[in-house]
Amino acid sequence: MNSKSYLGFDFSTQQVKALAIDENFQIIHEVSVQFDTDLPEFKTEGGVHVHEDKLTVTAPTLMWVKALDMVLENMKKENFDFKSVVAISGAGQQHGSVYWKKGSRSSLQNLSSEKSLSDQLCDSFSIHDSPIWMDSSTTDICREMESVVGGPAAMASLTGSRAYERFTGSQIAKIYRNNADAYSNTERISLVSSFAASLLLGDYAAIDNSDGSGMNLLDIRKKDWDDKCLEFVAPGLRGKLGCPVPSATVLGSVSSYFSERYNFNPKCKVVAFTGDNPASLAGFRLRHGDVIVSLGTSDTFMMWLDNPTPKTEGHVFVNPVDNDAYMAMLCYKNGSLTRERIRDSSANGSWEEFSSALKSTKPKNCGNLGIYYDVQEITPNAVGTFRFDENNQQVPEFRAEIEVRAVIEGQFLAKRCHAERLGYSLKPGSRVLATGGASNNEDILQVLSDVLSAPVYVLDTSNSACLGCACRAKHGVIGGTFDEVTRSITACRLAATPNNCTYDVDRYGTLEKVVTGCSQD
Ligand code: 5FX
C-alpha cells in the first residue's frame with residue numbers, strides 16, 4: 001500500500017483512458033471510458049459531431065469533463081490506491097481547443113468535493129462544442145494567416161508547420177469572427193491537453209511547448225507566442241493563452257477536490273499535459289536518431305530532431321522530453337488501404353502471396369519505382385498512381401511482384417525523403433521503431449529496414465500515449481534526462497536488420513516532384 005505510482009491520462013478522440021505504473025514501470029491499473037457508449041447522452045459518433053457542412057467537426061467540452069468523473073469513479077470502485085500516486089501527467093488529442101468562460105478560474109479553484117466536476121463546471125465554457133483536429137473548415141483563414149507572415153514556407157519556418165485547418169490558430173480566428181461575443185466572454189483558451197491538466201490542478205494549466213507547436217501560433221525556436229500570428233487571429237489572445245512552458249514542467253499539486261474526494265495525496269504533482277503524438281514519442285522512448293513508423297490506416301512517421309528545417313510538408317514540434325530538441329511528424333493518408341489494394345490486385349488478396357512477391361524481388365526493384373496515392377495525399381498534396389521504369393520513364397503497369405515491391409518501397413522511400421528534408425539524418429545506432437497493423441509482416445519490415453538503412457524493432461503501442469505520460473510524470477518530479485529516468489523499461493523486439501543496399505533517395509524526390517506537377521484530379 002505504501003508503494004509509489006505514477007498516473008498517465010489520455011484524452012483522445014474516442015475515449016479517456018488512465019493508466020498507472022509502479023516504480024518499475026509495470027502497469028498496475030488501467031481504466032477507460034468510451035464517449036459513444038459510456039456517455040450516450042452526448043450523441044457522438046467516434047467521439048465527435050460532424051456538422052452539416054461536413055467540414056466542421058466538434059466535440060462537447062462537457063463530455064470530456066464527465067468522462068474524467070467516470071474514470072476516477074471507476075478507479076475508486078476498483079479500489080485503486082490514489083494515495084500512492086506521486087505525480088500525474090497526461091495527453092490530449094492535438095489541436096482541439098476549450099474556451100473557459102469569464103469567472104471559471106474561480107469555479108476551478110473552489111470545487112466542492114461533494115459534487116461531480118461536471119455538475120460544477122457545466123456552465124464554465126463560453127463555447128460548448130470544442131473544435132477538434134478533424135475539422136477542416138478554415139481553409140480561407142489559413143491562407144490569410146500564411147500571407148500575414150510571408151507565405152506557407154515562412155509560416156512553417158516560424159511555427160513548425162504551414163497553416164493547417166485543424167491547427168488551433170485558425171480555429172480560434174474562426175470563433176472570433178463568427179462569435180465575437182463568446183470570444184470576448186472567454187477568460188482562457190486551453191488545448192485539450194492543458195484543459196485536462198486544469199481540471200486536475202484546479203486552476204488554469206499552462207500549454208506545454210510541444211502541444212503548443214500544433215497551433216500555428218508558437219515560435220518554436222523562441223518558445224513564445226508570435227505576436228504577428230496572435231494579432232492576426234484575435235485581439236487580446238496572449239492573455240487568454242497564458243505563457244507556454246517546457247513539457248516536463250511541474251505545474252503544481254492536485255487540487256484539494258481530488259485529495260478530498262478520491263484520497264489523492266495532497267502533495268501529488270501535476271506535470272504539464274501534452275499532445276497525444278508527443279506523448280506517444282515519450283511512450284516509445286524515442287532517442288536521438290530514432291524514428292517511429294506507424295503503419296496503419298494512415299501511416300505516421302515521427303523522428304527526433306536537433307536542428308529542424310521545417311517545410312511546407314510535415315510538422316515540427318518542440319520535443320516533449322527535451323525542451324532543447326524537436327520532433328517531427330509526417331502523416332500519410334495512403335497507408336494500409338493502399339497496401340491492401342495492391343495485395344488484392346497483385347497478390348490474390350493474400351498476405352502470404354504478397355510476402356512471397358517481396359521475397360522473390362530484389363531491393364531497389366531493378367530500378368522500377370511506384371508512387372501510389374489512391375486518395376488525395378497530404379504529404380505531398382497529390383493523387384494518382386505513377387510508375388517509373390529504370391530510365392525514369394512512366395509506364396502504365398508493372399508485373400504483379402514488381403508492383404508489390406514498388407508500393408512498399410515507394411511508401412518507405414517517401415518517408416525517408418520527407419524526413420531528410422525536415423533535417424533528419426541517420427546516426428550510428430539509429431533505430432526504426434515500427435508499430436501498427438503492417439508491422440506484423442516481417443517481409444514488409446525487411447524492406448523498411450533496407451530503405452531506411454537501420455535495424456527495425458517492433459513495439460507494442462496499445463498504450464503508448466498513456467504510458468508515455470505516466471513516464472513523463474515520473475520524469476517531471478525526478479528530473480535529469482528522460483532517457484535516464486526510463487532506461488530500465490524492457491526493450492522492444494528486433495525484427496529486421498538492413499542489407500547493404502543504398503537507395504537513391506534523391507531520385508525518389510525528383511520523381512515525386514514530377515508527380516506533384518502532374519497530379520491527376
Ligand atoms: C496530429 O496532428 C493530429 O491531428 C492527430 O493525430 C490528433 O492528434 C489525433 F488525436
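In what follows, a contact means that heavy atoms lie within 4.5 Å. The structure shown is a predicted model, and with that definition in hand one can say that, among contacts in the chain between residues at least 6 apart in sequence, 72% join residues at least 24 apart. The chain has 521 residues, of which 61% are buried, and its secondary structure comes to 21 helices and 23 strands.

**Overall shape and surface**

- The radius of gyration of the chain is 23 Å, close to the 24 Å that the globule rule gives for 521 residues, so the chain is as compact as a globular protein of that length.

**Surroundings of the ligand**

- Around the ligand stand Thr13, Gln93, Gln94, His95, Trp133, Arg166, Asp276, Asn277 and Met329.
- Sorted by class, this shell around the ligand holds two nonpolar, five polar and two charged residues.

**Polar contacts and burial of the ligand**

- From the backbone, an N or O atom of Gln94 lies 3.1 Å from an oxygen atom of the ligand.
- From the side chains, a polar atom of Arg166 lies 2.8 Å from an oxygen atom of the ligand, while an N or O atom in the side chain of Asp276 is 2.7 Å from an oxygen atom of the ligand.
- The ligand taken alone exposes 290 Å², and the protein buries 88% of that area.

How values were computed
Residues numbered from 1 in each chain as written. Predicted model: local features only at pLDDT ≥ 70, side-chain atom pairs only at ≥ 80, totals over all residues. Heavy atoms only, no water. Near = heavy atom within 4 Å. Polar contact = N/O pair within 3.5 Å; in protein donor to acceptor, adjacent residues only side chain to side chain. Areas by Shrake-Rupley, 256 points an atom, 1.4 Å probe, with all protein chains shown as cover. Nonpolar A, V, L, I, M, F, W, Y, C, P; charged D, E, K, R; others polar. Helix = DSSP H or I, 4+ residues; strand = E, 2+ residues; numbered from the N terminus. Rg over C-alpha atoms; globule rule 2.2 N^0.38 Å. Buried < 20%, exposed > 50% of the residue type's maximum accessible area, 1.4 Å probe, protein only.
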